Structures are given as C-alpha cells and as structure tokens.
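This briefing covers the overall make-up of one protein chain and a few of its local features. Please view the sequence and structure below before reading on.

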Amino acid sequence: MGLKLENVKKSYGDKTVVNNISLEIDKPGVFGLLGTNGAGKTTTIRMILGIIKKDSGEITWNGKTVERKNVNFGYLPEERGIYPKTKIYEQLLYFAKLKGMDKREADISIKKWTEKLKVSEYLNMTAEKLSKGNQQKIQFISAILHEPELIVLDEPFSGLDPVNAELLKNVILDLVNEGKYIIMSSHQMTSIEEFCTDLLILNRGKTVLKGNLKEIKEGYPANRISLSTKENVDKYINELNLEIYNSKDNDYEIKIQNEEQGYKLFDILAKNNVKVLKFEIKKPSLNDIFIEKVEEEKIK
C-alpha cells in the first residue's frame with residue numbers, strides 16, 4: 001500500500017511552507033522530491049516521518065496514520081549529524097540500539113554495511129579523523145543498518161567523489177531490488193533522473209509538477225541535439241540557422257525547435273560525407289523542466 005499524502009499543509013505563523021500537497025508511492029522504488037531552497041522539501045520529509053506535526057491533511061503508511069512508532073524508517077538528513085569525538089563503531093552501535101536492535105544483530109549489520117561501503121577500516125577511529133565523504137557514508141549506514149522499510153535520503157551524494165558516488169548508487173539500487181521505498185531529495189538533477197520513476201516538484205510550498213518522469217518528458221518536444229563529429233561542422237549548423245549553445249573539440253549541443261530540424265541537419269551532414277560519431281535528438285532534461293516550472297511560478 002505504501003505512502004500516501006493527501007492535502008497536507010503546514011504553516012509557521014502566517015507563513016505557509018507546505019500548501020496542500022498530495023502524493024502517493026504505491027510500489028518500491030525511488031521517488032524524487034525536488035524544489036528550490038526553501039520550497040518546503042525538508043518540512044514535508046519531517047511530516048512524513050512524524051518528526052513534526054502537520055496542520056491539516058492526511059499522511060498514511062500502509063493505510064495507517066503515520067506515527068514514529070508505526071513507520072520503520074531510515075533518514076539521512078541534509079544536515080549531517082555524526083559525533084566527531086566518538087568512534088565509528090560506538091556510534092553505529094548506539095544508532096542501531098535506538099532502532100531496537102540487540103548487540104548481535106547490530107554487529108552483523110555494521111559488519112555488512114561497513115564492508116559494502118568500504119569503511120570497515122575506520123570502525124575504531126573517531127569520526128573527526130575521516131574525510132567528509134567517508135563521514136557521509138557512515139551517516140548513510142546509520143540510516144539503513146536497521147533494515148527500514150521507508151528510507152529518506154536528503155542530498156545523499158553531497159561530498160562524495162565520483163568513485164564513492166558510484167559505490168553509493170549501487171547500494172541504493174540494491175535497496176530498491178530488495179523492495180525498499182525510497183524518497184530522494186537532491187539538487188543534482190542527473191541523480192534524480194538516474195534513479196526516479198516518479199517525482200514531485202515544489203516551489204514556495206506548492207506542487208508545480210508531479211507524475212511519472214518518462215511520461216512528463218514525453219509531453220515535451222525535442223529541444224536539442226547532441227552531436228559529435230570528426231571535423232568542425234559549424235557551417236552546416238549555421239545553414240539551418242540553428243543555435244549552438246555549447247561546443248568543444250567538435251562535440252556540440254545544439255538547440256532545435258522540433259525533431260524535423262534535427263533530421264535536416266543529419267541529412268546535410270550525410271550528403272557532405274561528414275563522419276558522425278554521435279547524433280542524438282533529445283527531450284528536455286529534468287534540469288530544463290525544473291527551471292521552466294520554477295520560472296513559470298515566479299511569473300504568476
């Protein structure tokens with residue numbers, strides 16, 4: 001049955017920070033919760049987890065009203081919260097016990113996750129001696145070591161280098177395959193596109209877009225071409241009065257109004273025997289859609 005929000009609202013004084021939002025996550029996977037700074041994402045997350053109370057509306061998990069006692073959740077907040085002077089093993093054990101695990105269960109889980117995320121060598125070190133990225137991985141482990149059903153990840157890739165980001169991505173995919181429900185909030189749109197099938201975009205506490213990402217993108221016309229060639233092809237692009245908005249070493253990103261313009265460019269390149277290494281007509285990226293929707297709200 002999953003998670004369901006219906007017309008949820010939250011205000012602080014005369015300021016409404018979450019304004020009648022609704023969403024439903026009815027199957028395991030990753031759901032994207034997006035928005036500008038101050039859009040209401042963190043408040044929404046805290047209401048979902050029962051950390052703060054909503055003013056009105058309904059939040060249910062598997063058909064029951066959400067309370068901290070009936071939702072087995074894991075939460076990686078954007079504000080990091082591990083203890084700098086405490087050894088890693090001691091604080092992971094502490095977090096595990098807070099979630100009801102006994103020492104034997106906790107030890108098994110700590111061993112499993114620290115090995116999987118390649119931080120087991122730091123168990124007897126204090127957190128302050130770890131790099132920012134490794135501290136991030138320790139906090140991620142503290143959010144999942146008790147096998148939660150619902151996992152909320154707020155900026156999970158912050159501070160990670162590409163190698164560790166890839167490592168964390170693989171762990172998240174494993175969690176999805178295990179049937180976990182995951183809410184991911186991030187400003188890194190490529191990460192959201194990679195993981196999320198459904199999403200909701202907030203701006204100033206209001207929903208500006210929600211639904212299946214693939215279906216949302218299908219509703220937009222193609223708006224650019226990604227092109228890579230063996231030679232400079234500026235003259236052929238200019239023949240069609242197309243705008244190049246990025247180019248480097250014969251790799252081009254080209255603006256188009258419709259797919260027909262893309263086909264015309266390909267025909268010109270083929271007729272002139274240009275060796276094309278890559279030619280892709282693209283729909284708008286999630287980043288493009290996000291900016292468009294936020295800008296539309298500013299005009300209203």
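Two strands are said to pair if DSSP finds at least two bridges between them. The model discussed here is predicted. By that criterion, strand β6 (residues 73–76) pairs with strand β7 (residues 150–154) through four bridges, and the two run parallel.

**Whole chain**

- The protein chain has 300 residues, of which 47% count as buried.
- Its secondary structure consists of ten helices and 14 strands.
- Along the principal axes, the C-alpha atoms occupy a box of roughly 70 × 50 × 30 Å.
- Taking contacts between residues at least 6 apart in sequence, 68% link residues at least 24 apart.

**Surface and charge**

- The chain carries 47 positive and 45 negative charges, and the mean positions of the two sets lie 4 Å apart.

**Strands β6 and β7**

- In the parallel pairing of β6 with β7, Phe73 is placed opposite Leu150 of β7.
- In a regular strand, side chains alternate between the two faces of the sheet.
- Strand β6 shows two sets of residues: Phe73 and Tyr75 point one way, while Gly74 and Leu76 point the other way.
- All four of these β6 residues are buried.

**The four-stranded open sheet**

- Four strands form an open sheet in the order β2-β1-β4-β5, with antiparallel pairing.
- At the edges of this sheet are β2 (15–25) and β5 (64–65), each of which pairs on one side only.
- Helix α1 (residues 41–48) packs on the sheet and touches β1 (3–12), β2 and β4.
- The direction of helix α1 makes about 120° with that of β1.
- Two bridges join β4 (residues 56–61) to β5 in the antiparallel sense.
- Trp61 stands opposite Lys64, a residue of β5.
- Strands of a sheet pair through backbone hydrogen bonds, in either a parallel or an antiparallel arrangement.

**Glu215**

- Glu215 belongs to helix α7 (residues 213–218).
- Is Glu215 buried or exposed? Glu215 counts as exposed because its relative accessibility is 60%, and the cut-off for exposed is over 50%.
- Asp198 lies 17 residues from Glu215 along the chain, and the C-alpha atoms of the two are 9.4 Å apart.

Conventions
Residues numbered from 1 in each chain as written. Predicted model: local features only at pLDDT ≥ 70, side-chain atom pairs only at ≥ 80, totals over all residues. Heavy atoms only, no water. Buried < 20%, exposed > 50% of the residue type's maximum accessible area, 1.4 Å probe, protein only. Contact = heavy atoms within 4.5 Å. Lys, Arg positive; Asp, Glu negative; His and termini not counted. Charge placed at Lys NZ, Arg CZ, Asp CG, Glu CD. Axes fitted to C-alpha atoms, helices over the stretch in contact; angles between N-to-C directions.
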